[in-house]
Amino acid sequence: MSKLTIKNLIKSFPSMDRPAVNNVNLDIESGELVAFLGPSGCGKTTILKMITGLFQPDSGDIILDEQSLLKIPTEKRGVVMVFQNYLLFPYMNVNENVGFALKMKGVDKNIIDQKVKEMLELVKLPDIGLRKPKQLSGGQQQRVALARALISNPRILLLDEPLSNLDAHLRDEMRDLIVTIQQKLKVTTIFVTHDQEEAVLLADKIALIFDGELQNFTSPKNYYEKPKNIKAAKFFGGVNFINAKKDNHNLSTNIGTVHYKGENYTDLNEDNIITIRPENIKLSKNNDFNDNSFKGLIKSVIFSGTHTRYKIIVNDLELECSLQSVGLQDIKTDDTIYVHLPSNKIWAMNE
Amino acid sequence: MGGERLKIILSLTPPLLIIFTLFFGGIFYGFLQSLGYQPAIGKYEINFSAYYNVMFSERYAKLFWTGLGLNLWVSFASTFLAAVFALFGALAIRKTFFAKTICNFIYSLNLPMPHLVVAVGIIFVFSQSGLLARFASQIGLIGSPGDFPVLVKDKYGLGIILAYIWKEAAFFFIILMSVLQSLGENFEELAQSLGANRWQRFRYVILPLVMPNLFSASIIVFAFSFGAYEVPALLGVIYPQMLPVMAFEFFLNPDLNARSEGMALSIIIAIIVMILVVFYFWLTQAKIRKD
């Protein structure tokens, strides 16, 4: 069991005018696969390095299984990090690289050999033990780095941008391997990425970080359907945002009154923003919808293979809609259209 | 293609001519003299008797072999210790801290300093009439400056070793700093997260990573200190004497017959240094191929 709690974590660097990590709080359950997602320089790797002990926080605490890690040196935390550029020791062969952690613990050589063999089989590279790192492809190096990290049964596994140096094909393969191994070993895993697709495909939960601040920590599905704020919604591809005021269990907007079914209605302030994903908007030439239907004008139509994207002007507000190309009605630029915003697909956030 | 080659050959000819005339010409003439060929004093016979005399004759053998031993000891000890000091210095100040630039400057200050100046500095500081001896005497650590241990002009070459450490540590330092800066600290951080303590990170990570560059630099420093004259001449004793000093004394001997022995000694030094240089080039080429 390795439950990780991050409490009020703050870290500043003299060269920065704002904290690199600002009051981050997180609870990561044992065995969870969590993504730290955010743009470059937002503080993701800094948090990772504080968990390993390579950076000391200015304040706050990092608690692993109810024990603070702050006083424990990096080498004794049982928190292993896989770096973005793999960092295989160039003067060691694969066997020696993978067995490094056990050698540092003074484990018997025969046991190390056996464990190295098991780890290389786990990452599906059983026959490359005698090769030097420069004789391996990027994908193989990444797997060896993973095997090296896993051999000592870490309490927490940290992966810094694990897929960013791989090409598209290898990325898919590696992504599957990480998920398979993580589910098999049940090791609590945190990985850093700036790629929201990667985070969604891999993670049980995503911690979205901007400018050192945690924006939201929830499941990938919630980021699409129930984002906490406009930043989070935009990061996950949200494009439709409408100012809305609370109005007797409905929301009053400048395209008209919107009927709202979201469970957070009572938590909303007076001024809010509603969002709806482009793929959840429906279009019709005739007004076929009972509620949340607004008349608009098609501004542009962009065919992109499986989907077609429409930009629609509704009462001076631009909305974007994405529909499956198969079986579409014939909708052209400058057509008048009815836009339907299904009430169960709309999500309102405090402004 | 042929024209291009001719152009390269023609453009390289002037510098090559100078190098061949001055370097190989000098070596060749010196080699001839070491074989006894000295037309100025009517000696035209060519033989290896000067080499035999220097290495095996009753008169010079002891001087030569103790001199060679001292040469090897001084070169090895000074190279090793300079490398060790530079390595720990570079490790200590490579991280950014407020005095890094000053430390960097102080450590590198010796590099442009002539060996002669460093040797004089060693006399001023470490001799029995030097600053340290006077200071130790003033604060009562020793009775008089004469009680200070003999560190300069001693039979173990300690003064020479000190001078070389002082001078060559700067050279090692510059090389090590550039290697360490280019490596960054990621390898060590990784090793730390894999459970390596401070000593293990040094032993299994830093040392193997810097060793190729450290070894190449060591060969250069060893070869230099093996063949250099001025520091042993200033800081050495009459017996045992390092080979370059011995060679120069043969050369200065008013008896011109001794010049062959001096040249034989110089050629022996040159051969040992050349072997080291060839080994260095082989090593660097092997490293390039490996990379």
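**Strands, rings and a buried threonine in a predicted model**

Among contacts in chain A (heavy atoms within 4.5 Å) between residues at least 6 apart in sequence, 67% join residues at least 24 apart. The structure is a predicted model, where local features need pLDDT of at least 70 and side-chain atom pairs count only at pLDDT 80 or more, while totals for chains, interfaces and linings use all residues. Residues are numbered from 1 along each chain as its sequence is written, chains are lettered from A and ligands numbered from 1 in the order in which they are written, and side-chain values use heavy atoms, with hydrogens and water left out.

Chain A has nine helices and 20 strands, taken as DSSP runs numbered from the N terminus (helices are H or I with at least four residues, strands are E with at least two). The C-alpha trace of chain A spans about 75 × 45 × 35 Å along its principal axes. Of its 351 residues, 51% count as buried; buried means under 20% relative accessible area, exposed over 50%, and partly exposed in between, using a 1.4 Å probe and protein chains only.

Five of its five residues are buried, so E7(A) is largely enclosed by the rest of the structure. Ile156(A), Leu158(A) and Asp160(A) point one way from the strand, and Leu157(A) and Leu159(A) point the other way. Strands pair if DSSP finds at least two bridges between them. Four bridges join E7(A) to strand E6 of chain A (residues 79–82), and the two run parallel. Five bridges join E7(A) to strand E8 of chain A (residues 188–193), also in parallel. Together with helix H6 of chain A (residues 168–185), E7(A) and E8(A) make a right-handed β-α-β unit; right-handed here says that, with the strands pointing away from the viewer, the path from the first strand over the helix to the second runs clockwise.

Next come the rings. A search of the whole structure finds 26 aromatic pairs over all chains. Rings of Phe, Tyr and Trp (its six-membered ring) pair if their centres lie within 6.5 Å, and planes under 30 degrees apart count as stacked, over 60 as edge-to-face and the rest as tilted. Phe89(A) and Phe100(A) form a tilted pair, 4.7 Å centre to centre with 45° between the planes. This pair links distant parts of the chain, with Phe89(A) in the loop between E6 and helix H2 (94–98) of chain A and Phe100(A) in helix H3 (residues 100–104) of chain A. Elsewhere in chain A, ring pairs link Phe210(A), Tyr223(A), Tyr224(A), Phe235(A) and Phe236(A) into a cluster.

Finally, Thr275(A) is found in strand E14 of chain A (residues 271–275). Thr275(A) has 8% relative accessibility, so it counts as buried. Its side chain reaches the backbone oxygen of Asn240(A) at 2.9 Å. Not counting residues up to four places away in sequence, Thr275(A) touches Pro227(A), Asn240(A), Phe241(A), Lys345(A), Ile346(A), Trp347(A) and Met349(A).

How values were computed: A polar contact is a pair of N or O atoms within 3.5 Å; within protein, one must be able to donate a hydrogen and the other to accept it, and residues adjacent in sequence count only if both atoms are side-chain atoms.
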